Amino acid sequence: MRRRLISVVAAAAGSVLLGGCISDGGGPPESANTSRGAIEVWLSTNPEEVAWGEEVVASWNSKHPSEKVTAQQIPAGKTSEEVIYASIVAGNAPCVVMNTAPSAVPQFQKAGGLVPLDNFPDGNSYVEGRTGTAVADQYKSPDGRFYQIPWKVNPVMIFYNKKLFAQAGLDPVNPPLKTWAEFLQTSRTLVQKKVAHAAIWPAPSSEFFQSWFDFYPLFGARTQQQLVEDGKATFDTPDGVAVGQFWRTMYAEKLAPQEKYNGDSFKDGEAAMAIVGPWAISVYKDAIEWGAVPIPTEDGKPANQVYTFSDEKSLAIYFACEHRLTAWDFVKFATAQDSDGRLLELTGQMPMRENLPGVYAGYFAKNPAYTQFADQAGRIVEVPNVPNSTEIWQTFRNAWTAAVVFDNEPIDKEFADAAARANELLAKG
Amino acid sequence: MSKPTTIPPKAKPTEQQKLTVEPAPRNRLRVLILSIGAIMFIFPFYYMVIGSLQKEADKSFSGVFPHPDNMTVTNYQEINEAIDAPRSLLNSTVFTIGVLLCTVLFGILAGYALAVMHFRGRTTVLSAVLLVLVVPFQLLQIPLYVLIVRAYGLGDTYLGMIIPFAINSTAVFIFRQFFLQSPRELFEAAHIDGASELKTMLRVAIPLARPAILNAVLLTFIGPWNEFLWPFLVTKQQDMQPFAVALANYMNNVAGRATNPDGANMAGGVLLAIPPVVLFLIFQKRFTSTNIGSGVKG
Amino acid sequence: MATVRSAETERTTERDRESAVQPVEKERWLGAQPIGLLFITPYVLFLAAIFVYPLIVQFFISFKDYFFAAPGATVDRPWVGFQNYVDVIQDPTFQRSLFNVFEFMIINVPATVFLSLVLAYALNSKMRGLSFFRGAYYAPYVTASVAIVTVWLFMFGETGLVNTVLGSLAPDPSWLINRYWAMPMIAVFVTWKQLGFFILLYLAALQNVPKERYEAADVDGASTVQKFWSVTVPGVRPATTLVIILATITGMNLFTEPYLLTNGGGPNGASVTPVFYMYQKGVEQGQAGYAAAIGMILLVITLGIALVQRRVLERD
């Protein structure tokens, strides 16, 4: 027995040595902040964004042959954030990730994976100048610094299928979707007339980010509040519960299915409406004759007062970058007026630039359908930039699926419990 | 009742000779039950193939049978356009062969040593082998990731993919059981002839172990070929990703845009399933149970 | 008659064999054949790096409020003692996950034992099309879950084939989003998928049941079913032990199938498993210490169950 113990201890010690004795080094030195050189950049896997990205990279490379940029598509998983986090931990994150989700920024920042913009002399001023101080403010971290550059926004609106609406006897030009009552009634008509399997089909599954496309837009439209304000959860209020009740009605009357659709239900004509941003237009344009209206509110606020979820993506410079000045210059290049204009043209997504309709008047004249999104882009609610944000969203989502999607628990109780848990997490920091 | 067959000297009775031939009615009942079961087992595969060839997803009962006017190879074409199939298949092959080589090479050494030799620490290692089977990979995953990618710097390399799977512990188990059951006289005869342990192993044990090697190869192959999570974590560059990862990426992200997303997903599934199934069918006659089932003892 | 030898009896018989076969050789400190250490070294190194090291790291992490960070970043990782363990044990999601895997095993383990034995018995005879049958039963085992899940979802979705055939008998909500049916469905899927492997185990064990027993039973005039129960089942007892233990371990460590079939947690957490919860906490939410505690607790429970099963089932 003693012999066994000795050999076990020896094995353990040996393996710890084997594993741990390889030093993993620190990060790049302080001089990285002013260093220039070749850098690596990650793009999302959205085909239109990839096209835009490759154009921008090629243009940069022709102008800066000594600071070449190599672009790579983020290997996507259920969430690309896991991949980025893994690369932060491994120390092999790229210099810039174009498609950093704002909900992941607190976690990446805590892991020491992001470079604060005030490392660069014009860091803060550039961001606030481009995006406008008011909007940019939602993207500051609790310590008051910018760890991300707000890049593009996809204000979420209600898309509807004009042909299916006409088939159901609804007005395809001005559909009755302004108030909750109208929305519900329209949905009932659509389903009863059997023009589609569902009136609208948000994903009812339990991933933490799904709430951004059912609860959050309506909550934002109603209250203009983030999920967390001043360190406290905001959803266990009568407003939050009301939004929950609205969706519960949709699920109870089978206007929205309880099972996730594999693919795009709106594009396939299985759902008559979708709650999504303008990036989807390139997906729908050949298949569906679509129209878009703002998110419904209970009492029917006028369109120019309705807020929505931003579905924003940021750019960020990552800690492992050894040539941060190049990275910063590249970021400024990629968000310059021309590049933003190309982004708009190629992807239909709204760059976060002040006064979009004015700056790109030519584009919006040619594509009037996009004007409403540009307009909506000024009224967005972002995810809260707080510690443990992923866990808070997951806690909320678990409550949502239990109470709203499947009616296994009363909504107010579930929301209250989730809010209590969220407040604990917020206090923990 | 089987007739006693003459067993030629020095050969174990083949499986055919060991099987009983039952009287006809019982045999027919057996065949009937097996057929019903086999059809139920195979049905999802059949349905997957049919679904992958559908132009529009047809979930009705008649969709079970192929309809000529709803058939197309578009789903496969879309996959071909979206992922670099030859490259990812190459990556899968390198990954799998790397694991197989390490497993056979070092696994036989380990299995032989654990079965036949006596040395200090043997029971500890034995316990470790069994413990490995109990621990889920997800528990080891993150520290392993930090070790391999950060400490050893093996991200985006074949080595980084292979190392956590290099020696399959079930294969070690199989080799050990095989050698435990082999007649000791063979090894002792070699000793008496003056062979060292190493020579004994090389000249006697390994040739003897061919059936066990085949079984180990077939069982071990499944792991790296189908493995998705680890290569996904370890490789960032798309041209290093094995086939399982490329397909999973496609199914999660791009398939939603295909004309028939369900069909596209199923086409991906068919492509991933073909190599192991084909390999298995080719070798399954040799996949004799006599050697696997030595897991019965100990 | 195949017997399962426990480690203790194995050592005794080996010592007997040693003294019987090599009475002259001295008991050296490194054992009779120290070159065995050399043979075993690559495997031991592999185990040390891939298995022991991460396990030890996780063990230590579980006592801290740990967070994986970039190299060179300063992150506060305070020691919290057993706090993580206390939190995990009291965590309703974790408790639910344990309940879920037990529900899984109640269905999966007996079904696996019964079906694999019956099928192995049926496949253990000469007949036409044996290769086809064998291929059919092994095919699911050989395929990746990722590949085969798509057709399963296609079949069992709300508008899928199964519900179309069942019509009004179909459960509402449909199978995989139904909190009572989700886990049983996963159990059916995994049983179907793994059966090939266990059929192999039993096929081998069947070879070791002595022919004479069947002949004796025939002489007594036993029917096929009687022979099955009185000769086959006791005859493969060691294999049954192995099948039960392996199936249990698989069940406790279930991750991929719930993750793929029910998008992780399933309806109202009905298909959360401990390993999935560990993954969610550790990877998605970055709480490595908490996740490590989940892993350690799971390991202890699994080992405990396996040891108990071995003891109970090996009593002769």
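This is a predicted model: local features need pLDDT of at least 70, side-chain atom pairs count only at pLDDT 80 or more; totals for chains, interfaces and linings use all residues.

User: Into which residue ranges is domain 1 of chain A divided from domain 2?
Analyst: The division of chain A gives domain 2 the ranges 157-310 and 385-428. The remaining ranges named in that division belong to domain 1, which is written as 33-147 + 313-351.

User: Which helix gives the most to the side of domain 1 of chain A that touches domain 2 of chain A?
Analyst: The centres of the two domains of chain A, taken over C-alpha atoms, are separated by 30 Å, and 15 residues of domain 1 of chain A are in contact with 10 residues of domain 2 of chain A. By class, the side belonging to domain 1 of chain A has six nonpolar, seven polar and two charged residues. The element that gives the most to this side of domain 1 of chain A, with four residues, is helix H4 (residues 105-110) of chain A.

User: Which strands stand at the edges of the open sheet of six strands in chain A?
Analyst: The order of this open sheet in chain A is E2-E1-E3-E12-E4-E13, and its pairing is mixed. The strands at the two edges each have a single partner strand, so one side of each is left without a neighbour in the sheet; they are E2 (69-73) and E13 (350-351) of chain A.

User: Which residue of E13(A) stands opposite A:Lys152?
Analyst: Strand E4 (residues 149-153) of chain A and E13(A) run antiparallel and are joined by two bridges. Across this pairing, A:Lys152 has opposite it A:Pro351.

User: How many residues of strand E9 of chain A are buried?
Analyst: E9(A) is joined antiparallel to strand E5 (residues 157-161) of chain A by four bridges, with A:Phe159 opposite A:Ala274. Strand E6 (residues 198-200) of chain A pairs with E9(A) in the parallel sense over two bridges, and A:Ala198 has A:Ala271 as its bridge partner. Strand E9 (residues 271-276) of chain A is largely enclosed by the rest of the structure, because the number of its residues that are buried is six of the six.

User: Which helix of chain B gives the largest share of the side that touches chain C?
Analyst: Chain B has 15 helices and zero strands, and 84 of its residues are in contact with 89 residues of chain C. The largest share of that side of chain B, 15 residues, comes from helix H2 (residues 24-52) of chain B.

Methods. Residues are numbered from 1 along each chain as its sequence is written. Chains are lettered from A and ligands numbered from 1 in the order in which they are written. Two residues are in contact if their C-beta atoms, placed from the backbone, lie within 7 Å. Two strands pair if DSSP finds at least two bridges between them. A residue is buried if 20 or more other C-beta atoms lie within 10 Å of its own, exposed if 12 or fewer, and partly exposed in between; C-beta atoms are placed from the backbone. Domain bounds come from an automatic or database domain assignment. Ala, Val, Leu, Ile, Met, Phe, Trp, Tyr, Cys and Pro count as nonpolar, Asp, Glu, Lys and Arg as charged, and the others, Gly among them, as polar.
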